[in-house]
Amino acid sequence: MKRLSLLIVLAALLLGACAPAAPEPMTLRLGLLPILETLPLYVAQSQGYFAAEGLQVEFIPAASAAERDQLMQAGQIDGLINDLVSTVLYNRDGVRVVIVRFARTATSEDPAYRILASGDSGFTRAQDLAGVPIGLSQGTVIEYVTDRLLQAEGLAPEEIQTVAVPKIADRMALLESGELQAATLPDPLSSLALQAGARLILDDTAHPEYGTSVLAFSKAVVDQSPRAIAAFLRAVEKATVEVNADPSRWASLLSDNKLVPAPLMGSYELPAFPLASVPTEAQYADALAWAMEKGLVTTSATYAESVNAGFLP
């Protein structure tokens, strides 16, 4: 009898040892600026879509792109929302981040960036800005979009003058006071500037290929946690579909996370967010070419190394 009991115990122990271990919880940390393209992520979190995919997702707030980049460099976040120019800069000395999805794109109806003139400048068209200092954050997607939009309107590179005003709040205040005659601002802050009296000169609705932002993860996370990234993107896709289907439903998330300026709440119309897709090779090549023209990089990782569509649902 004792021998039988012992055999039963041993059998139970062996079965326990052979049983598959419970999968480790998949955790991702994202550094997020208070920008509109984060809305589908907040929706996925609030609606439980990440949890349904077996994911634990932590949002780590960043007050500026510089702070976000510091978090990534320190290994304190796994992913971020950035852009093609930022990706080229990240990957100039080797692959550090990999784009896995668009976060936002300009469309023919909804701009992502606007070049504005002060209300009393008298400027009405792109040619009026030849030789006029345009306030922006230099070496960024803002400057890239400014250059490409003005060049598309016929301005020569030497006619495009810029002045560094890195903080958007400062840029808006100087534009409103007339101390800056022109500035480039992202939506929806550009909508607020228009409401305050700024004048629209140009936006990226005519060239939506330039006004984009992306979701990217560190190369290490892409290599080590492909299941987590695929699960993350499935949840984001579900949330994006819901946001596009009923934009008015998410007012509290917009307000709570300060994604739309308070004076615009109630009147601002959400743009359509892109469904599962990544930048084209031509878009990446143009951002790289611009960064090289500006002397920001001498080389960078290839498109195939920097963009991976394989995780899209």
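The protein has 13 helices and 10 strands. The model is predicted. Its C-alpha atoms fill a box of roughly 100 × 45 × 30 Å, taken along the principal axes. The chain has 313 residues, and 49% of them count as buried.

Start with helix α2, residues 39-46. How many of the residues of α2 are buried? The count is 6 of 8, so the helix is mostly covered, given that buried means under 20% relative accessible area. The buried residues of α2 are L39, P40, L41, Y42, V43 and A44. After α2 comes G48, with a positive phi near 80 degrees.

Stay with Y42 for a moment. Its ring pairs with the ring of F59. A pair of aromatic rings is described by the distance of the centres and the angle of the planes. For Y42 and F59, the centres are 5.1 Å apart and the planes are at 75 degrees, an edge-to-face arrangement. The pair links distant parts of the chain. Y42 sits in helix α2, while F59 belongs to strand β2, residues 55-61. The two are 17 residues apart. Both Y42 and F59 are buried. Ring pairs also tie Y42 and F59 into a cluster with F50, F217 and F232.

The structure holds 7 aromatic pairs in total. Another of them is formed by Y284 and Y303. Why is this pair called edge-to-face? The ring centres lie 6.0 Å apart and the planes meet at 65 degrees, and planes over 60 degrees apart count as edge-to-face. This pair, too, links distant parts of the chain. Y284 is in helix α12, and Y303 is in helix α13, residues 303-306. They stand 19 residues apart. Y284 has a relative accessible area of 2%, so Y284 is buried.

Helix α12 also meets another helix. The axes of α6 (residues 141-152) and α12 (residues 281-293) come within 11 Å. They cross at roughly 95 degrees. That makes α6 roughly perpendicular to α12, because angles of 65 to 115 degrees count that way. Which residues make the contact? From α6 come E143, Y144, D147 and R148. From α12 come Q283, D286, A287, A289, W290 and E293. By class, the contact has 4 nonpolar, 1 polar and 5 charged residues.

Next, look at V222. This residue is found in helix α9, residues 219-224. Is V222 buried or exposed? V222 is buried, because its relative accessible area is 9% and the cut-off for buried is under 20%. Leaving out residues up to four places away in sequence, V222 touches V98, F217, I229 and F311. One of these, F217, is also part of the ring cluster with Y42.

Finish in a loop. T107 lies between β4 (97-105) and β5 (113-117). Where does the side chain of T107 reach? It reaches the backbone nitrogen of D110, at 2.8 Å. T107 also touches T205 and P208, not counting residues up to four places away in sequence.

How values were computed:
Residues numbered from 1 in each chain as written. Predicted model: local features only at pLDDT ≥ 70, side-chain atom pairs only at ≥ 80, totals over all residues. Heavy atoms only, no water. Axes fitted to C-alpha atoms, helices over the stretch in contact; angles between N-to-C directions. Helix = DSSP H or I, 4+ residues; strand = E, 2+ residues; numbered from the N terminus. Parallel < 35°, antiparallel > 145°, perpendicular 65-115°, else oblique. Contact = heavy atoms within 4.5 Å. Nonpolar A, V, L, I, M, F, W, Y, C, P; charged D, E, K, R; others polar. Polar contact = N/O pair within 3.5 Å; in protein donor to acceptor, adjacent residues only side chain to side chain. Phe/Tyr/Trp six-rings, centres within 6.5 Å; stacked < 30°, edge-to-face > 60°. Buried < 20%, exposed > 50% of the residue type's maximum accessible area, 1.4 Å probe, protein only.
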